[in-house]
Amino acid sequence: MYVIAHLSDPHLGPIPEARLSELLGKRFFGMMNWIGARRRNFGASTLGPLMDDLAAQDPDHICVTGDLVNVSLPEEFDTGATFLSSLGAPEKVSVVPGNHDAYVRSAMHYHLERWAPFLAGDDTHPHTPVDVDSFPFVRRRGDVAVVGVSTAVPTAVFLASGEAGRGQLGRLAALLTELQEEGLFRVVMIHHPPVGERPFHRDLRDAAAVRAVLARAGAELVIHGHDHRASLGRIPAPGGAIPVVGVPSASAGPEDDRGPGGYCLYRVSGAHGAWRCEMERRGYAPGSSTVQSLGCEVLSG
Ligand SMILES: [Fe+2]
Ligand SMILES: [Fe+2]
């Protein structure tokens, strides 16, 4: 049995003090959002006990599906790196960026530089810089392949959309096919959900193309963040529908209107052609300050 933990959208705070020049444009509105809403209901008091619970489960691998920061100030990425290191060694922890990790064009390189050990693939040479063309990355761990897709693209003010892009999708199709031939359980990490309906300004622009690649090439599990809600969708595929799981923000307080903080565990067993994957949701029940099991569900097998 191989156990994967999945958390997302911690939006680590507080936002560091910024120079006025850094607060012009989109970051200004992001700061207002933080001050108005997130600071009230997000925080270490929620995240800390949740991560303690996750550590106690002793997962084999931990996947973080983006939005670690808020307005992409450089110091926030150091906080993000410290957080990732607190979860475990880079070999055990994988991350993909979210829209808040690429909030403005001038900040696109920060996550690539400062989180490199956590988003470098097996084939990435330690001295080769990670760049946007490094995605999707793959990390083979026993019978499991963790595939990281980036949908983080800089967008205009008031937009939180994402895009995988044609180049990355071409590489993803080839990679998923190769991993299937290797007989591995394929977990695709992606920040923006490839299923479900949401407003244009928060959507994955090429969601239909992402779904088409996943349906054609196949995957055993897709995990995402961005919505800050617990969700379970499916992508129809010839080899059987692919489960698509979303988790709440790991920092959301018990009163958050999109759902209190939580994370998922996936217990993978079986073998190629006969995989079994059981999901357990853990986190805060509404109004409760205790981290607990919120239920189990068999996703496949
Ligand atoms: Fe988020
Ligand atoms: Fe997001």
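This is a predicted model: local features need pLDDT of at least 70, side-chain atom pairs count only at pLDDT 80 or more; totals for chains, interfaces and linings use all residues.
Is Leu-73 buried or exposed?

1. Leu-73 is buried, because 24 other C-beta atoms lie within 10 Å, and a residue counts as buried at 20 or more. To find Leu-73, look in the loop that runs between β2 (61-64) and α3 (74-87).

2. **Who touches Leu-73?** Leaving aside residues up to four places away in sequence, Leu-73 touches Ile-15, Pro-16, Ala-18 and Glu-22.

3. Now turn to the open sheet of six strands, whose order is β4-β5-β6-β7-β9-β8, with mixed pairing. Its edge strands are β4 (137-141) and β8 (231-235), each of which pairs on one side only. From one strand to the next, the twist averages 20°.

4. **One strand pair up close.** Strand β6 (residues 185-189) pairs with strand β7 (residues 221-224) in the parallel sense, over three bridges. Which residue of β7 is the bridge partner of Val-188? The partner is Val-222.

5. **Helices on the sheet.** Helix α6 (residues 166-181) packs on the sheet and touches β4, β5 (144-148) and β6. The direction of α6 makes about 155° with that of β6. Helix α7 (residues 207-217) also packs on the sheet, touching β6, β7, β8 and β9 (242-246). For α7, the direction makes about 65° with that of β8.

Methods: Residues are numbered from 1 along each chain as its sequence is written. Chains are lettered from A and ligands numbered from 1 in the order in which they are written. Helices (H or I, at least four residues) and strands (E, at least two) are DSSP runs, numbered from the N terminus. A residue is buried if 20 or more other C-beta atoms lie within 10 Å of its own, exposed if 12 or fewer, and partly exposed in between; C-beta atoms are placed from the backbone. Two residues are in contact if their C-beta atoms, placed from the backbone, lie within 7 Å. Two strands pair if DSSP finds at least two bridges between them. Axes are lines fitted to C-alpha atoms, for helices over the stretch in contact, and angles run from 0 to 180 degrees between N-to-C directions.
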